[in-house]
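Let's walk through a protein model together, one group of side chains after another. Keep the viewer open and find each residue as it comes up.

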Amino acid sequence: MAINYKDAGVDVDAGQREVDLIKDIVKKTQSKNVLSALGGFSGLFNLDLDGIKNPVLVSGTDGVGTKVILAHMLDKHDTIGIDCVAMCANDILCQGAKPLFFLDYIATGKLVPEKMSEIVKGVAEGCIQSGASLIGGETAEMPGVYQQEQYDLAGFCVGIVDKDKIVDGSTIKNGDVIFGLSSNGIHSNGYSLVRKIVFEVAKLDLNEKCEGLYTTLGEELLKPTRIYVKEILELLNKVNIKGMSHITGGGFYENIPRMIPDGLCADVDASVVDTPQIFKLLKKWADLEDKDMYQTFNMGVGLVFVVDKKDSEIVREFFESTDLKLYELGQIKSGEEKIELKF
């Protein structure tokens with residue numbers, strides 16, 4: 001009996017239907033520098049170097065981890081793409097880079113065009129929030145690797161920064177001030193632990209309303225990662241940001257030290273942060289220690305940055321006109337340990 005590619009579980013026609021569904025969505029993200037159309041073999045981007053003396057390209061790639069399982073469980077797929085863009089765009093932002101373009105990769109057991117277009121809708125929204133053009137991507141139908149309903153999502157972002165303006169932490173000194181910006185909840189890290197706590201320890205349903213939450217538990221857990229590009233790029237025109245850390249997997253303990261030079265220590269007082277209720281609930285349900293929480297989750301702070309003390313007031317005034325909460329977390333001091341954290 002003759003068989004074809006569709007009999008093997010791969011529907012080429014479904015892939016074309018997906019492209020048709022997302023063309024207009026993708027086009028909304030694209031700047032005048034995009035020279036290619038969706039469906040080609042590659043994406044073309046015209047590098048505009050106006051005002052940049054010594055251009056450096058900055059790249060980053062990431063996924064959203066097991067948060068996709070919750071999107072599947074709730075059958076809600078229009079925000080997970082924001083997470084994917086955020087994880088990449090916030091990372092390259094830490095070097096002072098302006099995002100230029102983004103590409104996504106979706107792998108699935110069975111290609112359902114409508115579901116894939118919902119995912120791409122989120123990716124497009126993340127690109128709009130970060131100022132990046134979505135110039136291409138790939139949807140791979142992989143029966144045998146993934147179950148029919150499953151998918152995974154990853155992305156790749158490229159940005160640009162003038163070499164003289166790279167943010168690398170090298171100029172951080174004793175007495176500099178450490179600020180933090182509020183997160184939108186859990187963001188996209190620690191979800192393997194979250195799922196274990198929610199489903200195995202607390203034995204909860206995602207549709208439950210929990211103490212102190214204004215949404216269902218599922219809606220809270222699917223809140224998309226906050227993108228900090230717009231505010232930070234604007235702030236960089238006002239002050240010299242010396243170092244930045246995106247608070248992702250590893251929490252405070254792993255990510256803040258990544259920007260601290262040897263011989264210096266970030267003296268951080270996390271008690272000033274208005275910790276979101278979801279973290280308090282997770283801690284309570286699993287009886288976790290504070291250190292466990294701060295080395296896994298962002299605990300209400302999605303981005304940390306360092307400025308000279310003389311620039312502190314400019315920073316405070318700038319964030320008064322935004323919807324982000326600004327926390328003064330502490331100062332840089334001498335020390336061999338790169339972070340000292342008070343809860």
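Start with lysine 173 and aspartate 176, whose side chains meet in a salt bridge with 3.2 Å from N to O. A salt bridge here is a side-chain nitrogen of Lys or Arg within 4 Å of a carboxyl oxygen of Asp or Glu. Side chains of opposite charge can pair when their charged atoms come close. This is a predicted model, in which local features need pLDDT of at least 70 and side-chain atom pairs count only at pLDDT 80 or more, while totals for chains, interfaces and linings use all residues. Residues are numbered from 1 along each chain as its sequence is written, and side-chain values use heavy atoms, leaving out hydrogens and water.

Are these two partners buried or exposed? Buried means under 20% relative accessible area, exposed means over 50%, and partly exposed lies in between (1.4 Å probe, protein chains only). Lysine 173 has 37% relative accessibility, so lysine 173 counts as partly exposed. Aspartate 176, at 0%, counts as buried.

Aspartate 176 also forms a salt bridge with lysine 242, at 3.0 Å from N to O. This pair links distant parts of the chain, 66 residues apart: aspartate 176 sits in the loop between β4 (151-162) and β5 (177-182), and lysine 242 in strand β6 (residues 241-246). Helices (H or I, at least four residues) and strands (E, at least two) are DSSP runs, numbered from the N terminus. Lysine 242 is buried because its relative accessibility is 8%.

How many salt bridges does the whole structure hold? A search finds 21. Another of them joins glutamate 340 and lysine 333, with their closest N and O atoms 2.8 Å apart.

Now turn to the nonpolar side chains. A nonpolar core is a set of buried Ala, Val, Leu, Ile, Met, Phe, Trp, Tyr and Cys residues joined through side-chain atoms within 4.5 Å. The largest one has 93 residues, and Phe102 and Phe305 are among those with the most contacts inside it. Helix α3 (residues 80-93) gives the most to this core, nine residues.

Phenylalanine 305 also forms a tilted aromatic pair with phenylalanine 319, 6.2 Å centre to centre and 35° between the planes. Rings of Phe, Tyr and Trp (its six-membered ring) pair if their centres lie within 6.5 Å; planes under 30 degrees apart count as stacked, over 60 as edge-to-face and the rest as tilted. Both phenylalanine 305 and phenylalanine 319 are buried.
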